[in-house]
Amino acid sequence: MDRTTDDRPVYVIGAGPGGLAVAAALRRRGVRAVVLEKSDAVGASWRGHYDRLRLHTTRRLSALPGMPIPRSFGRWVSRDNLVRYLETYADLHELEIVTGVEVSRVERAEPSGQPGSRGPEWVLHATGGRRLTGRAVVVATGYNHTPRLPEWPGLPSYEGEFLHASSYRNAAPYAGKDVLVVGVGNTGAEIAVDLAEGGAARVRLAIRTAPHIVRRSTAGWPAQRSGILARRLPAWFVDRAGAVLGRISVPDLSERGLPRPETGLLSRARQGAVPVQDVGLIAAVRIGRVEPVAAVEAFKDGKVVLTDGEHLAPDVVIAATGYERALEGLVGHLGVLDERGRPLAHGGRSPAGAPGLYFTGFTNPISGMLRELAIDARKIATALARTARTARKS
Ligand SMILES: Cc1cc2nc3c(=O)[nH]c(=O)nc-3n(C[C@H](O)[C@H](O)[C@H](O)COP(=O)(O)OP(=O)(O)OC[C@H]3O[C@@H](n4cnc5c(N)ncnc54)[C@H](O)[C@@H]3O)c2cc1C
């Protein structure tokens, strides 16, 4: 299949949807790609998500290049079916995947400058002292790499159960318990609803900034399609239209402790906070099964202290406080990250001074990340196939 004369592979780090999509797109263009995955299977992050999770993007708009998601999986694909899709995807495209290999550092080896030199070279340091050399590297290690926990003062003094949302699977262990979920992104909102439906005695949801809540679909029109359209429109317009639609489709829950957001929908999304898809939160807040409370400030004397001064004593605290990209150790020394640790370029472009280094999956677009991963995969493969052709001609 490899039609280039350059026998050094492109290394793709991570066998999540992003890495698999790039590897498949490269293979279709005749470029050899080797995927390195630290866990023991593809789609590791999806295998670890909570049980009730379904895609909030549609089946059709979530497929990776070269294989649709089967119609039998329904419009909103379940976690287990997405994992099945990723497994089949890797098999169908005959991807070269090496599991159990964690890459710790990526370095650029200077080209020798000798006649016959084959352009930039990248060295990957990986588990077991491995040193792998490739002609390009695609970093697909995931937007949700390392659970983020705020440094709350006094947290060690808390004697109840404390966990990050990444460890939550289902409501069974929390039946009859008083639970505080911290953070109202999509994950926090859905876990709060899952707990309320699954028999927790009391569920409170600590909210720092009131979120935009959107219906997953309205009269058959998925919110994702609006997200795709919104990206092409000016922010002021989307913000205003979003506020009007929000007032029509979402009841005012201010009296229940969930006010309408102050910042516009697209403006917030551009700051990194995508709207919360309603999978039961509105109804649960309305009937008091999920109680919004102020943000968490600290832990003191075994209690949780909120920013409005209230003290709570839940049995369990679940921190749905997001994830870090954690790219610093891998590529931070290359000067390719911004001050927030995000890649300076993504998709088909390499950061300045790092030709042959690509990133995919490090944005959180309202158009759906899987859709964006598919688009980036094609762009990266096109860019790499072009450099392979140029190298062959010279
Ligand atoms: C709860 C949740 C629900 C989501 N729902 C949707 C949705 O409905 N629609 C949508 O479009 N998007 C959704 N997303 C966002 C996104 O599509 C997923 O997070 C998706 O899995 C991202 O794919 P990825 O390949 O970029 O990263 P991941 O799936 O996280 O894959 C990264 C892979 O890299 C491996 N890895 C990491 N570091 C290394 C290393 N150093 N060496 C080797 N391997 C490494 C990991 O083990 C992992 O397998 C959701 C995200 C979450 C967290």
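Reader: Which residues come nearest the ligand?

Author: Gly-14, Gly-16, Gly-18, Gly-142 and Gly-361, out of 35 residues around the ligand. A residue counts as near if its C-beta atom, placed from the backbone, lies within 6 Å of the molecule. This is a predicted model: local features need pLDDT of at least 70, side-chain atom pairs count only at pLDDT 80 or more, and totals for chains, interfaces and linings use all residues. Residues are numbered from 1 along each chain as its sequence is written.

Reader: How does that shell divide into nonpolar, polar and charged?

Author: There are 15 nonpolar, 17 polar and three charged residues in the shell. Ala, Val, Leu, Ile, Met, Phe, Trp, Tyr, Cys and Pro count as nonpolar, Asp, Glu, Lys and Arg as charged, and the others, Gly among them, as polar.

Reader: Which elements each supply at least two residues of the shell?

Author: Helix 1 (17-28), strand 2 (33-37), helix 2 (44-47) and helix 10. Helices (H or I, at least four residues) and strands (E, at least two) are DSSP runs, numbered from the N terminus.

Reader: Core next. Which residues of the largest nonpolar core touch the most other members?

Author: Val-12, Leu-20, Val-22, Val-137 and Val-138, in a core of 58 residues. Helix 10 (residues 369-393) gives the most to this core, nine residues. Such a core is a set of buried Ala, Val, Leu, Ile, Met, Phe, Trp, Tyr and Cys residues joined through C-beta atoms within 7 Å. Buried means 20 or more other C-beta atoms within 10 Å of a residue's own, exposed 12 or fewer, partly exposed in between, with C-beta atoms placed from the backbone.

Reader: And what is Val-138 in contact with, beyond four places in sequence?

Author: Val-10, Val-12, Ile-13, Val-22, Tyr-358, Thr-360 and Ile-380. Contact means C-beta atoms, placed from the backbone, within 7 Å.

Reader: Domains. How is the chain divided?

Author: Into domain 1 (10-145 + 325-393) and domain 2 (148-322), with bounds from an automatic or database domain assignment. The C-alpha centres of the two domains lie 30 Å apart.

Reader: Where is Pro-150?

Author: Pro-150 sits in the loop between strand 8 (146-147) and strand 9 (161-164). Pro-150 is partly exposed because 15 other C-beta atoms lie within 10 Å. Its C-alpha atom is separated by 7.5 Å from that of Thr-321, 171 residues apart along the chain.

Key. Two residues are in contact if their C-beta atoms, placed from the backbone, lie within 7 Å.
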